[in-house]
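Please consult the sequence and the structure shown here alongside the text.

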Amino acid sequence: MTPDQARAVLQEAIGHVVPGADLGPLPDDADLRDAFELDSLDFVEVVEQLSGIVGFRIEDHEAESLRTVERATRFLTARAPA
Amino acid sequence: MPSLGADMTEGTVLEWLVAPGDVVHRGDIVAVVDTTKSAVEVECFDDGVVASLDVDPGTKVPVGTVLAHLTDADGGTAVAGPPAAPDTHAGDAAEPDAAAAPAPAAPPTATRLPHRGGPGRISPLARRLADELGVDLATVHGTGLHGVIRAEDVRAAAASTPATGAASPPVAGHDAPARALDMRRSIAALMTRSNTEIPHYHLALTVDLHRTLEWVRERNLELSLAERLVPAACLLRATALAAREVPELNGHWVEDAFRPAEHVDLGLILSLRSGGLLVPAIAGAEELDAVAMMTRVRDLTRRARGGRLRGSDLDPPSLTVSNLGDQGVESVAGVIYPPQVALVGFGAVSERPWAVDGMLGVRPLVTVTLAADHRATDGAIGSRFLKALDRALQDPASTMEQKER
C-alpha cells in the first residue's frame, strides 16, 4: 500500500464515523482524535472500519499507531501488502 | 403523542411512515416526531392494522394526544377503531390501542413496512441537513433502501444545486439555530429545577483501573472487531452492579418520598457534535455484562448522533451517568436530573502515581464521583455505592463476565 492509498483508506474509515470529515487540510502530525472530536467509542469504530477495509485485525495496542495521519500512514503502508 | 423525556410537553409529527391499511407490528417505527431536542422515531407498541392517522404532519400536539388508531390484524375488515371509544381525542393518554407509544420490542423493521409513493422516507439526519443547506427535499432522489432519502443524497443535491434564495422548508420542524435554542432552554429549565429543589451532596473516590484495563485488553484479543470493548463499558457495568447493591440511589423522588426503581435504567449523557446534550437510557442495565453493555452503548450512540433515536431510547432513566473522561477532565461534580436522586460521574483515566502494597507505582486511575439527593440518602449510603463500584472494578473476571444473579 502506498502512502497515498493509506491516506485514502484512512479518509474512508473516518468518513464513516464522522460524515463530511476531510483529512485534506489536516497537518500530518495533528491528533486525529482531537481534530475530529472522536471519543473513545468513535475511535474504536474508526479502527473497526479500517480493519474492515484493509482486511486484517488491528489490535488495541496497535491503535496507538493511528493517532496522527503521519503515524497511521506509516503503520498502514508497513502492514498492508502492496 | 408519547412522552419522550421528562421535560417534554408537546411534540410535532414530522412524518408518518405508515398509511391507513398498513399492517404494523409491535416495535415497528411508524412515525417521526420532533421534540425540542431531536427528531425521534416512534415505535408502535402493538400489532394491528392502521385504521386512521389522526394528526397531520407538521402539527404540534400535547403529550397524550391520540396520534393514530389501530384495529386488530386478524379482523380482516377494518372494525372501526379500538375496543374503547373510537372517537377518543386529545388528552386521553391511557387509551392503549390508540396511542402510538414507545415500546422496547422487536428490532426495528422499517423495511417490512410497505413503501409508499410520493416523497418517501427521509432519514432525520437528512431532514436536518436539508434544513441547514436549504435543500428542497421534494427534489432529492433517494438512494437508500426503498428510496429512502439519506444524508448523502441531500449533500449531493446541495452540491449540484446552485445557491439560490433559501428554499422553503418542506417540512415543519426546527431549523438548526432554533433547535439549539430550544435545547439550551430545556437544559436550563431542568438544571435550574435541579439546583433549586435538590440539596445535593457530592462524594468522590479514586479507583485503580489496572485490573479492569488488563481484562479489557485480553478480552479484546478474542472479541470480534464489532464487539470490541472500551473501558467505559466496564464503568457502566460496575455502575449498574453498584446500583443493584445500593438500591437507595436507583429510583425517583416523587411527592416527598423515594420510589426505588425495579430495574437499573442507566441514563447516558451524550454530547452532540452540533452542541447540546441528549440523555438516552440503557434499560435493564443490571442484566447486561460488559460485552452486551458495549453493544447497547454503541447502538445508542450511533442512533443519537445520527439523529435517529427511538422513542424507547428516551424512557426515563433511574440513574444517570456522566462520563467526561474523553474530554480529559479529572472529575465531575454532577447535577442530578430530577426526579432521579443521583448522578455518577467519571473523569479521565490517566496514569498517576499510586501506592500499591507499600510501593509507589504508576497506575491507571479514574476519579469516580457521586452527586446524590440529600432528601433521599445520606453520605453513608453514597459511600457504600462508590465502594461497591470500586469492588466491581477490582474483580473484572467475575463481575464483567457473568450476568447478575
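A residue counts as buried under 20% relative accessible area, as exposed over 50%, and as partly exposed in between. By that scale B:Arg244, with a relative accessible area of 30%, is partly exposed. The model is a predicted one. Over all chains, the count of salt bridges comes to 24, and across the interface of chain A and chain B there are five.

**Interface of chain A and chain B**

- Chain A contributes 19 residues to the contact, and chain B contributes 17 residues.
- The two chains bury about 1700 Å² between them, with 48% of this area on carbon and sulfur atoms.
- On the side of chain A, the residues that lose the most area to chain B are A:Leu41, A:Arg57 and A:Asp60, which together make up 35% of what that side buries.
- Eight residue pairs are in polar contact between chain A and chain B, counting pairs with both residues at pLDDT 80 or more.
- Helix α3 of chain A (residues 40–54) supplies eight residues, the largest share of the side of chain A that touches chain B.
- By class, this side of chain A holds nine charged, eight nonpolar and two polar residues.

**Salt bridges involving both chains**

- A salt bridge joins the side chains of A:Glu45 and B:Arg302, at 3.2 Å from N to O.
- A network of salt bridges links A:Arg57, A:Glu59 and A:Asp60 with B:Arg228.
- Two members of this network, A:Arg57 and A:Asp60, are also among the residues of chain A that lose the most area to chain B.

**Salt bridges within chain B**

- B:Glu214 and B:Arg217 meet through their side chains in a salt bridge, 3.3 Å from N to O.
- These two residues lie three residues apart in helix α4 of chain B (residues 210–222), so about one helical turn separates B:Arg217 from B:Glu214.
- Because its relative accessible area is 39%, B:Arg217 is partly exposed; B:Glu214 is likewise partly exposed, at 29%.
- The side chains of B:Arg244 and B:Glu286 form a salt bridge at 3.6 Å from N to O.
- That pair links distant parts of the chain, 42 residues apart: B:Arg244 belongs to helix α5 (residues 231–245) of chain B, whereas B:Glu286 lies in the loop between β14 (281–282) and α6 (290–305) of chain B.
- B:Arg244 is partly exposed at 30% relative accessible area, while B:Glu286 is buried at 1%.
- In the salt bridge of B:Asp373 with B:Arg375, the closest N and O atoms are 2.7 Å apart.
- B:Asp373 has 0% relative accessibility and therefore counts as buried, whereas B:Arg375, at 32%, counts as partly exposed.

**A sheet in chain B**

- Strands of a sheet pair through backbone hydrogen bonds, in either a parallel or an antiparallel sense.
- In chain B, three strands form an open sheet in the order β2-β5-β7, with antiparallel pairing.
- Strands β2 (23–24) and β7 (68–71) of chain B are the edge strands, each pairing on one side only.
- Two bridges connect β2(B) with strand β5 (residues 48–53) of chain B in the antiparallel sense.
- Within this sheet, B:Val23 stands opposite B:Val49 of β5(B).

Terms used:
Residues numbered from 1 in each chain as written. Chains lettered and ligands numbered in written order. Predicted model: local features only at pLDDT ≥ 70, side-chain atom pairs only at ≥ 80, totals over all residues. Heavy atoms only, no water. Pairing = 2+ DSSP bridges. Helix = DSSP H or I, 4+ residues; strand = E, 2+ residues; numbered from the N terminus. Contact = heavy atoms within 4.5 Å. Buried area = accessible area lost by both parts, 1.4 Å probe. Salt bridge = Lys/Arg side-chain N within 4 Å of Asp/Glu carboxyl O. Polar contact = N/O pair within 3.5 Å; in protein donor to acceptor, adjacent residues only side chain to side chain. Nonpolar A, V, L, I, M, F, W, Y, C, P; charged D, E, K, R; others polar. Buried < 20%, exposed > 50% of the residue type's maximum accessible area, 1.4 Å probe, protein only.
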